[in-house]
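Hello,

My notes follow below it.

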Amino acid sequence: MSEPLGREAAPRPRIEDLERPALDDRSYRIITLPNQLEVLLIHDSKTDKASAALDVNVGSFSDADDMPGIAHAVEHLLFMGTDKYPKENAYNQYLTAHSGHSNAYTASTSTNYYFELAASKHTNSKSSPTASQDASPVSKDDSPLWGALDRFGQFFICPLFLEDTVDREIRAVDSENKKNLQSDTWRLHQLNKALSNPEHPYCHFSTGSWTTLHDDPIARGVKIRDEFIKFHANHYSANRMKLVVLGKESLDTLEGWVDEIFSQIPNKDLPRNRWDEPLVYTEEQLLTQTFAKPVTESRSLEITFRYRDEENYYESHPSRYLSHLIGHEGPGSILAYTKAKGWTNGLGAGGQPLCPGAGLFGISVKLTEDGLKHYKEIIKIIFQYIAMIREKPPQEWVVDEQIRISEVDFRFKQKSPPSRTTSALASVMQKPYDRKMLLSGPAVIRKFDKEAISEAMTYLRPDNFRIVVVDQKFPGDWNAKEKWYGTEYKTEKIPEDFVVEIKHAFEDASRPEELHFPHKNEFIPNRLDVEKKEVENPLKTPKLIRNDSNVRTWWKKDDQFWVPKANVHVYFRTQMPNLTARTNVMTSLFRDLVNDALVEYSYDADISGLIYEFDAQGSGLTVSVEGYNDKLSVLLEKVLLQIRDLEIKDERFNIIRERMMRGYRNWDFGQPFHQVGTYSRWLRNEGGNMTDELLEELETITPQEVRDFFPQVLAQNAIEVLAHGNLYKEEALQVTDLIEKTMRPKRLPPSQWKKRRSLILPPGSNFIYERKLKDPANVNHCIEYSLYFGSSNDRELRAKLLLIAQMTDEPAFNQLRTIEQLGYVVFSGVAFSNMWSGYRILIQSEKDCKYLEGRIDHFLHQFEKTLSEMSEEDFEGHKRAVINRRLEKLKNLTQEGNRFWNHMFADTYDFTQAENDAKSIELLNKPQMIDCFQHYVSPASPHRAKIAVHLVAQAKPKEPTVEERKSHATSALTTILKAENLTAAHEKLESRLSSLPAESLGDSIPSAIAAHLTEDLSLEKEKAEKVLDETKAALGLAETPAVLEAGEKEGKVSENGTKVVYIEDVHGFKAAREMSSAVVAVTNLEEFLEGSAKL
Ligand SMILES: [Zn+2]
């Protein structure tokens, strides 16, 4: 549907001269379609990925009061079928087939949808770098982007909100919410919202749950689907949408496509959402103090000021003047002063825009144990500091520094991945930036606006704030519970005498001399020259430019990104940290003490785009410095000196040790799916310690022990350096000299370097390691089911694994998450660590791990069939998708540096691994893959080697009611029938279910469904059985494998004839296994020496 009339009458305005980074070779065009949809088109001739994002100016602030979460639920449901592509997973299948993926999020005032996929139908390996630069018109059939845009666009033109997907998606929303319930970030954020003005939409509960989106509305007699459609009708409109499309095609081609598809989105001329009234915090909520109890052992103090939104101040960003000073960490800062008193560990400050019309300014302080006792004094110090800044007019030199840094950062900004680019820009387009400043506006401060800053400062005053104190024990008399997350808290007006004290601190001109403005920042880079050359084929590996008895230096001068930046990574190899759990913990303490001592010094560098990292690993110590190369060696030298000459003060030691203890204890309260991988890796590799072992040691370590220990770690080690980026060879050698001269370690011969080995699981293994999760309130179990393939040195095996992971990616998600609704977190993929290579499936679920084992086995069986029936074309498509993914272009210097460093640090020096993978995958054929699957993966295979980690939840989820179980059965069945291209007969099923007895639902639901399938729908026996099986699975009524049910003692065997062995003693388990050979370099390193024939 095109409307040539309108276009002929007056040429469409096109904005193309956007301010952009110096090295940005993309071209841009902004247009507005006849339906008032504003579009940004981006042509990138060199991209290997295309992407689009659409942002709608409506979010959870627009939720109806009686249906919290509806905006979010609409985000989920919008993707459930369209007229043109009625198959539910048509969109995702299309994306996966073209190495793509999609995602969406709902924020307070916008909902953002995006996808990314291969930019061309051919694999990267076949297109030469020069051929890819032409931008001639592309036919729709040749571009994966066209098909994706067409599928994506339909969601906004005519979403169907298919009735039978409604319950299921609400369930998905519900499990998303359950995943967040024990997270302190979510809990405390919601508590702040809950305690704001109930008239302002900031107080909304934005995720939604089964109760708010299903049970409650139904109890009120509301038809839920109608509400969703109504919400969409009332809030979605082309004039509220911003679209960004990025592709290889020319701007004209992209414009034509966008016209053709997106002009069809209806325009309802809705106003832009804004909330000037009422206020987020009224007098009632201001000057209150709230005490909240966290799930994990964290301690913090939050001060929030009522502020404003700064949308129209984007040229001066006044709040950044305040956050720069208040959040400063250098000498004179609040943090430096309170840290010296032993009260704080960290501090952040910044403006928080909430919506057009409202904003907050927040200060967040991490407290030590002693800091908690002195939280009132900390508040007074903060007000003293604020008074100090307010005493002076806005300082132009401070803003000048910020302008310099922000301009340099923008000028040398490197490309971010396509979907991050489109999604972020679509959201930026909702803001009133001058269109030519769309790219630069959020980043760059372009002027010193004295009045705007003065005005901003007036918000930070002692009658315009509230505080929250977070701690597990203090004050202990919480008397309220937040409604959605159950966070215990107590809130009250700040006592009058304390308000008086704060006012006094603010007004009294005498204040500690330790508080003062920061010094001039010496780290702002001046030397920004880059010698750019045309390079046809960038080098794929660094060169080895020094290789003597104890030092190796690797170097690569940047030959494709041309930014004045560099990365220097230093590796001090030693086995000392890895000897025992105790040396391991002492090394971590040493690391944290060094980092703690560097906070004040490194802050200026940090805000000037130069960062360092000092870390301790099992195989040694590492130091990385990254950023503008101008002052890189200044920072590196300071870090090395701090490492060498660390002075350990008892007070600081105690603070750091206490923080580390909390960290270890809190780890057990993290999301189960974050924990499970650590257990799996521990079981796969030779050494390693879990947090409980480390914690035990930590309790008794003294400062003197660490003082005695760390010089020994530094005394003897081998040095390896990677210098990469805008650095010449001489500079790389000079940096190496600096490191050597500063640290002067004794030589450590290669025979004494750590060897990395992994366990070898023999064929027929069937191990389970079970562990009870510590959080008593968590209801989610988690399983990681791993299949061992063999050595990661085996390139062909690696290629097969990568291909299996690609082929099972969408089906596993579709089966285990969408159809069976096991839980929000479902992941399948490869596992490579040291010499281990394998395949794994991870599920976090309210269903127990034994049940999940059965579902995974079932899926793998099912996929075996899918694979054998897969067409040659689909098979080749999958190969192409992995190859594309492996050969994805490097986006920036950091990515390239990390790639080299990871291969060095892994000891493999396999710099061209991606290219080798692509070559090996190219050679694979379907019969080989079927063999491989049947051998290593199929649950029927006696050769496969399996180990699973079961993390078991202590709490039980709420029992569903009879009605819930029946409605769940209907929705599950409809989803499954649809996957089989069958339609349900709703009324007949409902009547069968309604007559069931409440007492024995577990048995009677499946028989009612069975009768429905054979009698009402007349399905053939085989089909009926399959559908029934899957429905039972979705209802949690499938069978748990007998072998697990019985436990190993009963002596039952699995279908492949193996017995389950529960690992009781991990040390014993590892001791009884054979170990692999150690990781070694894949090629002779001499080949990388300069002048070697290979380069
Ligand atoms: Zn969601």
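Is Thr 421 buried or exposed? Thr 421 counts as buried, because its relative accessibility is 7% and the cut-off for buried is under 20%. Please keep in mind that this is a predicted model.

Thr 421 and its surroundings

Thr 421 is part of helix H15, which covers residues 418–428. If residues up to four places away in sequence are not counted, Thr 421 touches Arg 26, Ile 42, Leu 246 and Ser 416.

The sheet

There is an open sheet of seven strands, with mixed pairing. The strand order is S9-S10-S8-S11-S7-S13-S12. At the edges are strand S9 (344–355) and strand S12 (480–481), and each of these pairs on one side only. The partner of S12 is strand S13, residues 488–493. S12 and S13 run in the antiparallel sense and are joined over two bridges. For Ala 480, the bridge partner in S13 is Tyr 489.

Helices H18 and H20

H18 spans residues 581–607, and helix H20 spans residues 650–667. The two helices pack with their axes 10 Å apart, at an angle of about 120°. H18 is therefore oblique to H20. The crossing of H18 past H20 is right-handed.

On the H18 side, the residues that meet H20 are Val 585, Ser 588, Leu 589, Asp 592, Leu 593 and Asp 596. On the H20 side they are Arg 652, Phe 653, Ile 656, Arg 657, Arg 659, Met 660 and Tyr 664. Sorted by class, this contact of H18 with H20 has seven nonpolar residues, one polar residue and five charged residues.

Asp 592

One of the H18 residues in that contact is Asp 592. Asp 592 has a relative accessible area of 15%, so Asp 592 is buried; the cut-off is again under 20%. With neighbours within four places in sequence left aside, the contacts of Asp 592 are Ile 656, Arg 659 and Met 660. Ile 656, Arg 659 and Met 660 are among the H20 residues that meet H18.

A distance, in case you need one: from Asp 592 to Gln 862 there are 49 Å in space, C-alpha to C-alpha, and 270 residues in sequence.

Regards

Notes:
Residues are numbered from 1 along each chain as its sequence is written. This is a predicted model: local features need pLDDT of at least 70, side-chain atom pairs count only at pLDDT 80 or more; totals for chains, interfaces and linings use all residues. Side-chain values use heavy atoms; hydrogens and water are left out. Helices (H or I, at least four residues) and strands (E, at least two) are DSSP runs, numbered from the N terminus. Buried means under 20% relative accessible area, exposed over 50%, partly exposed in between (1.4 Å probe, protein chains only). Contact means heavy atoms within 4.5 Å. Two strands pair if DSSP finds at least two bridges between them. Axes are lines fitted to C-alpha atoms, for helices over the stretch in contact, and angles run from 0 to 180 degrees between N-to-C directions. Angles under 35 degrees count as roughly parallel, over 145 as roughly antiparallel, 65 to 115 as roughly perpendicular and the rest as oblique. A crossing is left-handed if the near helix is turned anticlockwise from the far one by less than a right angle, and right-handed if clockwise. Ala, Val, Leu, Ile, Met, Phe, Trp, Tyr, Cys and Pro count as nonpolar, Asp, Glu, Lys and Arg as charged, and the others, Gly among them, as polar.
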